[in-house]
Amino acid sequence: MALVTSGRTVGVVRVTARRAAVLTACLLLAGCGGEAADPEPRAEPAPAEAGQSAASTADPATATTPAEAALAVALRAEDLPAGWTVQANPVADGDLSDDPSLEGICGVSFPSEAHRTAKHPVVGLDPEGTATVVSEAIAYDSADAGALALTELRDAFESCPAGDRTLVEPPAVEGLAGTVVAVRYRLADGTTQDVVAQGRGAVVSVLIAEDPAAGAAAAGSIATRMAALPAPAIGG
């Protein structure tokens with residue numbers, strides 16, 4: 001495991017967990033329980049199409065609240081390589097009470113979960129329709145809560161039990177925004193996954209990818225939009 005810190009409090013570590021499923025409403029790292037969803041893409045229901053459309057047109061520069069800011073940094077098809085698509089998974093009625101984002105990663109409790117106000121889960125599908133990138137853009141009720149979430153995530157990875165995972169050298173992703181936690185791990189079956197979390201104020205983006213290049217490209221694009229968020233919109 002490696003941990004690198006800078007003036008931006010950039011934590012770089014590596015961890016592991018497996019399951020890339022198309023229609024999942026929570027980050028894979030946290031674990032959702034039950035069986036993995038059908039790996040084949042499905043016709044998108046109306047809420048998913050609406051959420052996808054809203055995210056793809058949201059201008060980060062015009063965001064006025066953390067919820068709007070999180071929508072503007074949600075994963076988009078244009079963040080991914082040519083031929084890839086995305087599947088939005090909107091939270092039903094916006095109720096996060098039984099819909100964790102980070103809770104349970106490495107068996108750790110995240111008090112910051114109680115401070116979430118909105119989230120936008122999106123899955124990236126490669127040209128074969130396989131879910132290879134999973135992301136969440138999360139809004140918190142304050143900049144302090146967003147910072148706490150990233151600190152908790154970093155600390156969880158640093159203490160994560162090995163289990164069936166091997167921590168390896170972290171991914172080198174340039175140009176990320178704000179505070180960053182980056183992790184890479186190898187699973188027992190040889191699969192490697194990258195985790196890239198970045199946050200400014202009350203908004204945090206968390207992405208997990210089995211394709212390092214696609215994950216890095218998506219994280220970079222998200223960082224560009226995150227950097228364009230007005231300070232008042234993210235509690236700055």
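Start with strands S6 (residues 179–187) and S7 (residues 192–200): these two pair in the antiparallel sense over eight bridges. Strands here, like helices, are DSSP runs numbered from the N terminus, with at least two residues (E) for a strand and at least four (H or I) for a helix. Two strands count as paired if DSSP finds at least two bridges between them.

Before you click further, some housekeeping. This is a predicted model, so local features need pLDDT of at least 70 and side-chain atom pairs count only at pLDDT 80 or more, while totals for chains, interfaces and linings use all residues. Residues are numbered from 1 along each chain as its sequence is written, and side-chain values use heavy atoms, with hydrogens and water left out.

**Stop 1**

Select Val183 and you'll find it standing opposite Val195 in S7.

Next, show the side chains of Asp194 and Arg184, which meet in a salt bridge (2.5 Å, N to O). A salt bridge here is a side-chain nitrogen of Lys or Arg within 4 Å of a carboxyl oxygen of Asp or Glu. Asp194 lies in S7 and Arg184 in S6, so the pair ties together parts that are 10 residues apart in sequence. Are the two buried or exposed? Asp194 is buried, with a relative accessible area of 5%, while Arg184 is partly exposed at 21%. The cut-offs: buried is under 20% relative accessible area, exposed is over 50%, and partly exposed is in between (1.4 Å probe, protein chains only).

Pick Thr166 to see a bridge whose partner in S6 is Arg186.

**Stop 2**

Move to strands S3 (116–125) and S4 (131–140), which pair in the antiparallel sense over nine bridges. Val123 has Val134 in S4 as its bridge partner. The two strands form a hairpin with five residues between them, and in the turn Gly129 has a positive phi of about 85°. Colour S3 by accessibility and you'll see that it is mostly covered, with eight of its 10 residues buried. S3 also pairs with strand S2 (residues 85–88), antiparallel over four bridges; there, Thr85 stands opposite Leu125.

Now show Glu136 and Lys119, whose side chains form a salt bridge (3.0 Å, N to O). Glu136 lies in S4 and Lys119 in S3, so this pair ties together parts that are 17 residues apart in sequence. Both residues are buried.

**Stop 2: the nonpolar cores**

Which residues have the most contacts inside the largest nonpolar core? Select Val73, Leu75, Leu80, Val133, Leu176, Val203 and Leu229; the whole core has 33 residues. Helix H4 (212–227) is one of the elements that supply at least two residues each, and H4 gives the most, with six. A nonpolar core is a set of buried Ala, Val, Leu, Ile, Met, Phe, Trp, Tyr and Cys residues joined through side-chain atoms within 4.5 Å.

Zoom in on Val133. Leaving aside neighbours within four places in sequence, its contacts (heavy atoms within 4.5 Å) include Leu75, Trp84, Val122, Leu207 and Ala214. A second, separate core of 26 residues includes Ile138, Val181, Ala197 and Val206.

While you're here, click Ser205 in strand S8. Ser205 is buried, with a relative accessible area of 3%, and among the residues it touches are Glu136, Val196, Ile222 and Met226.

**Last stop: the disulfide**

The structure holds one disulfide, meaning a pair of cysteine sulfur atoms within 2.5 Å. Select Cys106 and Cys160, and you'll find their sulfur atoms 2.2 Å apart. The link is left-handed, with -95° about the S-S bond.
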